[in-house]
Every structure is written in structure tokens, then in C-alpha cells.
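These notes are meant for someone opening the structure for the first time. Each point takes up one region and can be checked against the model.

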Amino acid sequence: MKKSAPPRESNEEIRSAAEEAFIQELCRLIGIVRIHRENNRLVLQCAETFIRSIFALVAEEDYVTIQFVRGRVFLQNQKVAYRRDYEILMKKLSAFFSERSIGGLRFHTSISDAPIQALLTFARLLNEAGKEKNPLGPSARKLTDAGIAWVEILHEPHSREDDRESESTDAAMIARKTYAQVLASVQEVAQKVRAQERAGIGKTLRMAQNMVDLMMTDESMFKALSTIRIYDDYTYSHSVNVAILSMCLGKHIGLSKNSLERLGLCGLLHDIGKVEVPEEILNKPGKLNRDEREEMKKHALNSVRLIVKIKASRDRKARLLLPPFEHHLKFDLTGYPQTPRKKPVSLFGRILSIADVYDAITSPRVYRPSILSPDRALGMMLKGAGKDFDPILIKVFINMLGVYPIGTLLELDTQELALVKDTQQAADRPKVILLIPDGKGGFDTGEQVNLDDRDPTTGTYLRKVIQSYHPSAFNIQPSEFIF
Amino acid sequence: MMEKVEVENSVSRKASSTAKNPSVCKEVMVAFSRAFKNHAIYPPDHVIRRNAVTEFEKRLSEVISKKDRFQVDVENDRLLHEGQVIYQSILQKGDIPNILFRDGIQWIAFESGIEGYEILRFLEILHRNRFVKEEAEGDIVTALWDAGLPHLHYEAVDVLWEAEPPAGVEKGRPGEYRASGVLKEPDAVPIPASEMPVQLEPLQDEENFAKTNQKAAPPEPIHSLADCPDTQEEVMSIAAPEIDRDLWRLTEAERNQLHEMVVQEENWNSIDDVLDVLVVILQEQQTKEDFSTILEFLVEEFRMTLEQLEFQLAADLLDKLHRMKNGYPEPDHWAPPLLDQFFHTISGTKVLNAFDECRSEPASLSDDQLKTVRRLLLQLHPRAVYPLGLMLPGTSDPRLRKLFVEIIGSLADIDPVRLEKLLEHPDDQLVRQMVFILGHLKHPDAVPLLARMLSHPSDSIRKQAMKAIISRGSGTLSKLFPLIEDPSPEIRRKILGLLARRRSSQAESLLLEYLSEGRFQIDEPLHVIACYHALGRCGSFQSIPFLRAVLLEKGWRSIIGLEKPYERQGAAMALLELKMEMAEEILQKAARSRFTSIRKAYERAFEAVR
């Protein structure tokens, strides 16, 4: 099935379309056998289209090879340059095969002689491979048993470098997945509470535990998650971010795992009372009037009541009540709610308060036209040490985030823009990702550099920071570059 | 405690000894299954349950001793070790493989050094999570995580997210920013570099940085989000070179303080703070439903305060709630009845049995604590009488017992219904104590209840009731009189003694009526004589006609031989005790009577009295 050679430009376009079609059909085939029976018309059509998509790619070789390396997709040993629309699809496909320890597949042209049922058997075996302990082995064996010779299962290529990069990609994926799940679990609880249903916190608890595990494995990655902003669901992403920042702070002061779990839950649920604040107040552009402010202030008390209503043991709930109650109380006991209780704010309350304010003032909101860069936010918060915030905890918080926290956008003296990626080594001179303008108003990920690097001959720093910005000033979503 | 499975490890393990000898592993699993089942059936101290756990521990340690680690892979209906089935489930639902698999556990590994408490905790976790509950607080995975058992490892997958991972985080793309909740369409016109919010004007060095950041004076500390400046230039960056890094350097003293804070937090007892917060929250509630929800939680917290012997906190809470209840200006407000209901609930057995711990140990409470307990208990609803009464017999500390008695008395005086219920309790010792308390009540129902107790089957209780009635003074004789026929000679003696204590028209008429009816339940000569004797001691001239008739008349019963000589003797004794002239004359007549039976009656009476 060889094709005549069209003009070069057109050939590339055709090839690119064929690649996308093949990947799309492979995904469809894998997905559709999970839903329909073998004799379903859609399934049969899908199998036929898939075979056609293979032949659209075959040129000199008599096979098509798809490989997954470090989260990237290769066809016929060439990296697939896909459109951004395909990003999620590619990631999912890559993750699907990675979970099965399958490095790739090679489809031979003899597939055209294969019965459609065999193709469907193959697709089912791929799905089932996810349940096996050592997925690759049994699947390969089963292929042989089923008389399927037109496809080969390829091993994942292994090198230390690959492993490291792959691990990093995996970790980023796990981190993002965890964030999404945590977010969803908080939304679920909030929705149930709003609908006056008795909400359980099983999922949220599991998520809080996963967050602790993730933080223990890769704190830097975990911290970076707090740069994610979901603008459609500010309240919930704010809650997740507060939980992340609080847990990091908790870890830095030496809290136990169980306390970190509790702190995480407090962070996730601290604003649950906002489900009862009218949307028009929550999202009001401009400053709130007195009545609206009073209405807004009720959310701390509402959070406590709603936590009481959650379906959980007395002990669990009792340990979650106080910090959400206190999260708007300042270190000097000003703030709200003002009650006859005049005891010092608890440690968790003080931690939540710091994380809450930091995330709030670094989050773009409809009612704030300009937003503070993270380093300026810290500068501002430091001024409140001893009055608004616990003076010791705020110090730990600054040390933890570094003077340029992850996600800070920096303008460098090299006329480059860079995004802070890692602050572990030198707080003043973090590791950054250079951002390359893509000419369409956006940016592409550039080289990762260490601002601590010096010119070996002169000993001067290679790059210096001249200005910091909130990434939103450049329409940048830091998490997209960091992960 | 999530662990990654290393393929190499699992491959190398295949050659191990246990794999060659799966029966050893199967035995462990049989023991595991048995321990699991017995854990569900028997109470903790039951010998069968204990033995099953011990057997499991023993089998497990045998395997672990050979290879340090025993890993079990989990499938829906079976457990595997190194690829070999070592346990096949028959039951499926609720059996070990199924519940582990259900919660996403892929494998469990028991490691060398595992201790008994870890195994017990593990079994407990499995048992507690055996069946899925709606909106459960957690599952086996979360429970194992919380337990943090050092020698038990596992790997779990997120079964809670069976569907696609939630969207949301994936929405954005590099270089694409959504502000104000509005997503910019991918096809939207890109922002030209010239229109970017900030022009990139390269500056040369750090001095310039400082200049840029010194454009405005530093703002005041943040008080609320509303105080957040509108432009970031108003705020100095913490990275500005002129800001001293020492400002956020922790001193040694601060590190120590931090450590203290953490220790305090790790050992935090939530009760005090939670009660505080709940009372604040309660006052803010605007609906009956929310108010009730908070009160329900307060019930649980209140119970916990008692369990933890935090009596001061519990008493303070009740003080506050009483004040709250009395503070509503509107008489028909919905809150006070709900607060009443709260007091009613906390005065029940379920809450007050939290005292069990301290009451069984002698002198477990200090004098100050006892004072607080008194303040606390006095605020309860009279419903508390019942549980407190039930606790009384098992309370070993005499001070606490005395306190309980006082509280029961005080509360029962408000409403004795629960005390009345306790009087029907099968435990005589308990009932006797309640009768004692009843004797001290001022409530009008007390005497009728005591009178009812005069017919209690237990001698000691009747005696106690009688004593209680006697101690209440006048007006009680008629209630006690039925005891004259009490099966207990002692009680009969007491009641007769009471009747004979002094001249009393009430006693006289009661005895006269009793004797003249002549229908004695206890028709014993001694009892009848004692009754006559008592009549003589309490009676007056009004008894003389009756006594004369009994002593001197020869009625139809004597003719047919049914005469009871002891009645005649009793009458003579009564007349002797009356010590009146009229009585003396009758006695003289009896002494001179031509009938032997009358003369003998007189003689015997005379002998007895003398």
C-alpha cells in the first residue's frame, strides 16, 4: 500500500494527520472494547478504521511502531509532534502503556489478514494487562496463545537517564493527579453539604494521606502544586493550596505524619462554610460593603457547623473544628470571629492563617485588578509578624518558600523571563525555567538554569534578577511549566 | 506507607523456600482466616479469640523467621504468595481477600519484628471495615495509614477514583491564563509582546533591582484581604537587598519554642477548645435543625469530658448552657426546649456510664474533683437518678457513693419517677439504698412510695421503709400498721413496739379494729398476745369494753370448744397494762371467775406482766 510522493510540504501535513489518526484510533479501540460487546457495530467499525490508520502510516517498512518514552510518543522512531489539543490524549495513552510496563507496540502489515475478532482480543488483553502483576509477560504469552502474530509488544527502553526523567515525569503526573483528586474530593464534600446531604470524608481522608505521602517523597514537587490555580473553582483550589502550604509548613516544623494528615484535612475543609455565602458576594467585583463583609465573615463559623455535620467519628471531627474556626483570627486575636473565647490561636490555626493569606494575596481574583508576586506577598506578610501572624511560623514559612517562591516570575538581566522551579539550594538564587516567547502571545518551556551559576572566568553570576512579577501578569499558569 | 513493588525483588523471591513449600504459607493463611473470624465472633478476652490470634502470630513468625518478610498478593477472591495461591475464598464478600481487594490493597507484607499489638490492630482494622458503610469515614487503607504499623506494609491503588481522573487541573495549557473565571479561547487573538502588562526593560544589576523595588514605601501590615494593595509596586519584595535576611533567621530560642509548640500540638487534648467553640457556634445558630445538630455533637463531647475525668470542663459547659437557656427573652423561643432535651439526654445511662472508670476505683478522685462532680451532677435532669442509682452499688469510693446518694436525693426531690423505677429493681441492696434516700425526700410522693415498699418481699427493705416512715414522725402510723401482719417476726415486733410506745388514740383504734375483727393472717398465740399487750400500752378506757368482753364472756366458741385461750390471756394482759381502776375491777372479776379458762388467763397474764 505505498503512496505516490506528494510535494514535501503536503507530505508532512498528511503524515502528521495520519499519525494523529492512528493514535486516535488506537485509543478508541482500547476504549471501545471496554464498553461494547464484540459483535457491536461500532466496535467492528472501529477495528476496521484502526487497520486503515495503520496502512496510512506504512511507507518503506512493513510495520508501524509506536513507542512511549518518558511520557512522549514516538512513531517509527520519530517523536510525534502533536497539536496542543492532543496533549491530554497523548498523556493518557502514554500513562496507559506505562502502567502496563509496555514500552511500545509494533503492528505488522499482516494485520490486514487478521480476523477482526483477533484484533478485539488483542485490545481486551491490553486492557486486562493492567490487572496483572507483571503485565508485559502474561500479555505477551496470551498473544501467542491467541495466535496473534501481527503485533509485537516492545519493552520499555531503560537507561538511568531515562529512568530519572521518566520518574520525574511520573512524579509530576502523580502530583497533578493527586491535586485533581483532592480538588474533586473537596468539591464532592461541599456539594453534598450544600445539598444538605450527610457527607462522608472517606475520599478526602485518603487524599490527605496521599498528600502526606507525596510530600514525604518529593516536597519540592508538592510545594509546586500550590501554584495551580483553578479560576473557575477558586474556593476549592484555594482550599487545596492552603492544605498544601500548611502541610509543608507543618512538615518543616516537625509535625508527625498523623498531625500532617489532620492539618491537611483542616486546610481542605477550612473554607467549607463558604458554600453558604451567596455567589454574588463570593465573586463580587470590587470591595464588599459592610453587610456583605459581615455575611462573608460568617463562613468561619459556618465551616465549623458543617464539619460537625460531616459523617465521621466524634474524635475525628473534634480535631478538625478549631483551626477552621480560627483561620481568620490573627495572632493578636483581632480578626474574626470575635467571641468571648480569648485563648491564643492554636498552632494549626496560626499555620492555616499564614497559608490562607499567602494563597489569597497571590491568587488573581475578580475583585483585585493587580496581584502581588509571591516575593512581595512574603514581604508584606513579614510586616505582620507578631501582630497578624505568629512571628516564628512566618519565619519558617519564608525559609520554606525561599525569597522567590516556586512559581514566581522573574525578569533577568539577560532580558529573559524565568519561572522559579526549585528553591531548595539557594533561596535568593533559585533554579528557574527560562520562558521562550512562542510568538503567539504565549511561552514555551526553555532551558532550566540555576541562578546560582557563575561565569567560570569572572566569577560573576551568569544571570541576575532585576524584577519579579506574579505570573498572571504575563498570562502564565506556572504549573503548566513546572510539571 | 505506600511502597513500590520492585520487579527484580519479586522475581528473586520466586526461588525462596516458602514458594517451594506453599503448605507452610497456606497454614499461615488458615490461621489468619481463623483469627479474623474469631475476632468477629468473640469478645476480646475470650479464650477462643485469644488462641486464634496467638496461633496466627505463631505461624506468621515461623514464616518470617525464614525470610524476614512475608508478602501476600491480593486478588478479589484469593491471596497469593510468590505466584502461588495460598488462600482461596469461599465466601467472597466479607472475606479477607475481598475486603482487601475492595479497598484497593494490592499486597500486604508482614515483616520481621512484627509485634502482637500490630497483628491485633490489623485484625481490628479488617473487622471494623469488613462491610462498606455509606459515606464511611475511611476504609482499610486509611485505617492502616493512620495506624502506622511499623512492620506491616502494603501497596494500595485508588479505587475511589474508578472513573477518569477528574478534569480541571488539565484544562490550562502553557502560556494560557484564565482570569476572572473566564477561559480565553485557544483561538483568541494572542497578546502581542508590545501589549504585555509589563515591558521588559532590561536593567543591569542588583542596584537597579533595589531601585525598582523601592518605588513605594512599604505598606502597613495586612489586616484583611481588603487591605491588600491594588498594585504590587506598593509592596517591597522580601528579596530586596536592603531587607535584612536576619529578619527571618530562626534563633536558637525560637527553635526551642517551635519544638515546644509541636510537642504541645502533638499531645493536644481537643476537649477544652472544642467545647468552647461549640458553645460559641451554638449561640450563633438561627435554625432549630442546626441548633440540634450542634447539641447532638455536644452530647458526645460531654460524654468524652466525663470519660477523661475533665469534670471542671463538663461543669462549666453545663453552667454556660443553663445560662444560655435562661437568657432567651422570648418565653416561646424554640431554643430552651432543645436545651432541656440536651440536659435530658446527657442525664441518661449512655452518657453517665462514663463514670464507670472512676467509680470502680477507690479514692480515684481528689476532694476538689468531688466538689466539681457535685456541681456538675446537680445541674443534670432528674433522669440522672436512674443511672446514678444503678452505679451506686458498684461505687467503691465511699465519698463518691455519699455524693451520688446526695445527688440522687436532690434530683429525685424534683421528680421521683426514676427513683420509683429503681424501687422495682431486682437488686435488694440497691433498692434498700433507694428506700433510704426516699426516706429523706420532701416530695409528697415519698411517703406513699415508702408505704408501698412496706410490702416489698425483702425483710431488710421493709424494715428500711418502716424505719424511714417512722423517722418522718406523725401521721405515719396508719401506713405502717399493715406491718403488724408482716411475715418477719422482727418487723412485727418493731411495729408493735412502735404502737406500744405511748398512749395513742390512733394506735389504740388501729389495734382495736384489728383485734376485734379477729381475722388474723398470723394466727399465732404469741403474736395475738403481743397485739393485746400493745393495745394495753397505747390504749385508754375506750378499749375496756372490748377487753372485758374478750376476757370474761363465754361465747359460742367456748361452748363448741373453739375458744382461743391466748386471746383471753391477751385481753388480761392489756387490762393489766392499762393500769386503770375500771380495768382492775374487770381483772378482779376474772381472778374470781368460776370458769377455769378465765382464771387461768388472768393468772398467766399476771405472771407475764410481772
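1. Pro337(A) is found in the loop between helix 13 (314–326) and helix 14 of chain A. A cis peptide bond joins Tyr336(A) to Pro337(A), with omega at about 0°. Helices (H or I, at least four residues) and strands (E, at least two) are DSSP runs, numbered from the N terminus.

2. On conventions: this is a predicted model, in which local features need pLDDT of at least 70 and side-chain atom pairs count only at pLDDT 80 or more, while totals for chains, interfaces and linings use all residues. Residues are numbered from 1 along each chain as its sequence is written, and chains are lettered from A and ligands numbered from 1 in the order in which they are written.

3. Chain A as a whole contains 17 helices and 10 strands. Of its 483 residues, 48% are buried. A residue is buried if 20 or more other C-beta atoms lie within 10 Å of its own, exposed if 12 or fewer, and partly exposed in between, with C-beta atoms placed from the backbone. Among the contacts in chain A with a separation of 6 or more, 65% come from residues 24 or more positions apart. Two residues are in contact if their C-beta atoms, placed from the backbone, lie within 7 Å.

4. One open sheet of chain A has five strands in the order 3-2-1-4-5, with antiparallel pairing. Strand 3 (78–79) and strand 5 (151–154) of chain A each have a single partner strand, so one side of each is left without a neighbour in the sheet. Two strands pair if DSSP finds at least two bridges between them. Strand 4 (residues 104–108) of chain A is joined to strand 5 of chain A by four bridges, and the two run antiparallel. Within this pair, Arg106(A) has Glu152(A) in strand 5 of chain A as its bridge partner.

5. A further open sheet of five strands in chain A has the order 9-8-7-6-10, again with antiparallel pairing. Its edge strands are strand 9 (443–450) and strand 10 (465–469) of chain A, each pairing on one side only. On average, neighbouring strands of this sheet are turned by 35° against each other, direction ignored; axes are lines fitted to C-alpha atoms, for helices over the stretch in contact, and angles run from 0 to 180 degrees between N-to-C directions.

6. How many bridges pair strand 8 (residues 431–437) of chain A with strand 9 of chain A? There are six, in the antiparallel sense. Lys431(A) has Asn450(A) as its bridge partner in strand 9 of chain A, and Pro437(A) has Phe443(A). The two strands form a hairpin with five residues between them, and Gly439(A) in the turn has a positive phi of about 80°.

7. Gln415(A) sits in the loop between strand 6 (409–412) and strand 7 (417–422) of chain A. Its phi is near 65°, a positive value in a residue other than glycine. Gln415(A) counts as exposed because it has 11 C-beta neighbours inside 10 Å.

8. Helix 16 (residues 391–401) of chain A is mostly covered, with eight of its 11 residues buried. The buried residues include Lys395(A) and Phe397(A). Their cover includes helix 9 (234–252), helix 14 (347–361) and helix 15 (374–383) of chain A together with helix 9 (252–266) of chain B. After helix 16 of chain A comes Gly402(A), whose phi is positive, near 85°.

9. In chain B, helix 24 (residues 489–499) and helix 26 (residues 525–538) pack at an angle of about 20°, with their axes 8 Å apart. That makes helix 24 of chain B roughly parallel to helix 26 of chain B (angles under 35 degrees count as roughly parallel, over 145 as roughly antiparallel, 65 to 115 as roughly perpendicular and the rest as oblique). Residues making the contact include Leu496(B) of helix 24 of chain B and Ala530(B) of helix 26 of chain B.

10. Ile495(B) is also in helix 24 of chain B. With 24 C-beta neighbours inside 10 Å, Ile495(B) counts as buried. Apart from residues up to four places away in sequence, Ile495(B) touches Met466(B), Leu480(B), Leu483(B) and Ile484(B).
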